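This report covers a sheet and a helix. Please have the sequence and coordinates open while reading.

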Amino acid sequence: MRSSLRGAGAAVAATVLVVVVGSWFGYQQLAGPSCSGRIQLSVAAAPEIEPAVKAAADQWVADGAAVGGTCIGVNVSSSEPVDVAAAVASKHGATLAGVGQASGTAVTPDVWVPDSSTWLLRLKNGGATAFAPANGASIARSPVVVAMPEPVATRAGWPEKKFKWTDLLAQVTTGKSPLHAGIVEPTQDAAGLSGLLSLTAAASSTGSPGSPDAQEAMVGALRALATNRSSIRQDLLARFPRSSDPTAIANGLGAAALSEEDVIAYNQTKPPIQLAALYLDPPPMPLDYPFAVLPGIEPAKGSAAKVLFEVLTTPGFRNRLAAQALRSPDGNWGAGFKAPQGAPSPAGGGATSAPTGQGAAAGLDPVAIAKATTTWAAATQSGRMLAVVDVSGSMKKPVATANGATREQVTVAAASQGLNLFDDSWAIGLWTFSTELVGSQDWRPVVPIKPLSSNRGALARGLAGIKPSSGDTGLYDTMLAAYKEVQKEWEPGKVNSVVLFTDGQNDDKNGISRADLLQQLKKIKDPEQPVRVIIIGIGTEVSRSELETIAKEADGVAFVATDPTKIGEIFLQAIAARPPAPR
């Protein structure tokens, strides 16, 4: 964690900070020595900016912060953004790919200063429809850079050479001795997410979107990063070489997306090998530290927060930021800031400045963030899965948005692309279903559930051979059989799941009823060996309520792709939405 580099502990719980009403002028006029009451406003600040926020707030209180006859108490503590995000997500019913459950003691603050606006965007687009924080304007900035041990960077041409993300992509995915690149889990770390977005964009540029070349480049980038990923920043930093010995440098971490502040803080510890900060082109999304007043707080607190924001945007606060190796929102820096060699000066701080009142991520496409986080989560998790594909006659219908390709073809293409993302630690099997595919049986086993290390070719051939039948949709019988199949050789340490694709409702007149299915699922499911059911409905003829009822009984989730061309995206969302471990 960044704060540990400076010797400060990072608290998981949310923190408290109190402020006043009116303008900065109003604050000066209303502050007084006597108070008839007290207001408490809780604030959670990212660890690296917490000392600056706390110092400014403490000074404000010492000067007599008050509103009317009510005094303002301020108590600022550091909170890792992912911990607060988990608590906010739990409160607002949001799902964030790769973010675990909030701890039992986590409390949402009144004011939150995470390291990036992407947290706010992810919460809003993750299902927190009522999540509409006030303000959200940036109070600081730190460009995202690629950190390299100086000997490695020097060999690559630093500091004279201007690096591009395509250069980095080539170094980490090609050659006999690829660069050892690492990343902090991008679903839990904003700098890691920024680097992932830039690297996957570079991969996409290697061919037309969705082309085999672009897909291969993206998978290669994800696999390369996943090899050296860390859930905690301190663990990643510890992988950089700690000796000038050539072997140590060759075997150590060679590159990682970190913030400029991370690099400065790391080098201040006087490590044996200093890190170089490479400012790649195009500039990745910087950390922008939004000042977010969370919904639901009292009006008095909200008014007070407005003035706190003014306190944190005064010229003097820039110098407090500089002491923490952070820039002001416009990219400039205060007195005492020691920029890394090669750093853009000063306003060219890693991205164009955001308009006043907006975070640096204001113009970022939320779809790009969702795709990056879900793709990463799907590609880096390990699981055991039975994919069950509908081959009823209705799957022959052409999809208007897919140049005439049938529902079956679109579904198979999405499943095939998803298969390419999973590494060899996955175990996957394949069934098809309709009605009476094998005698009176509605389902046909195509490939057994086995590790992809020995099963990948068979799965690819199985998917390629799928053709629609002339039958109906034997949904209920197939779902029960698939659930039992995954139960049979349940594997600990992995999420054991059924992923079923269908474009219709159950219309098997000879099969079990929905009530029978739900009753039997309830009877056979085992909390000690859970099986998660994911149902992906295709088109407009499915019954969302039917699918959701079945999935709920099996502790799963149902998605509906009304536009079948979106099946691939929804498939990744479904995999990424598997139940995370508690934080």
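In what order do the 6 strands of the open sheet lie? The model is predicted, and in it the order is β16-β15-β14-β17-β18-β19, with mixed pairing. The edge strands are β16 and β19 (557-561), each of which pairs on one side only. From one strand to the next, the twist averages 15°.

Two of the pairings are set out below.

| Strands | Direction | Bridges | Facing residues |
|---|---|---|---|
| β15 (residues 427-438) and β16 (residues 441-451) | antiparallel | 7 bridges | Leu430 and Val447 |

β15 and β16 form a hairpin with 2 residues between them. In its turn, Gly439 has a positive phi of about 65°.

Helix α18 (residues 475-488) lies across β14, β15, β16, β17 (495-502) and β18 (531-538). Its direction is at about 160° to β17.

Is α4 largely enclosed or largely open? Of its 12 residues, 9 are buried, so α4 is largely enclosed by the rest of the structure. The buried residues are Pro81, Val82, Asp83, Val84, Ala85, Ala86, Ala87, Val88 and Ala89. They pack against β2 (43-45), β6 (111-113) and α5 (118-125). Just after α4, Gly93 takes a positive phi of about 70°.

Note on methods. Residues numbered from 1 in each chain as written. Predicted model: local features only at pLDDT ≥ 70, side-chain atom pairs only at ≥ 80, totals over all residues. Heavy atoms only, no water. Pairing = 2+ DSSP bridges. Helix = DSSP H or I, 4+ residues; strand = E, 2+ residues; numbered from the N terminus. Buried < 20%, exposed > 50% of the residue type's maximum accessible area, 1.4 Å probe, protein only. Contact = heavy atoms within 4.5 Å. Axes fitted to C-alpha atoms, helices over the stretch in contact; angles between N-to-C directions.
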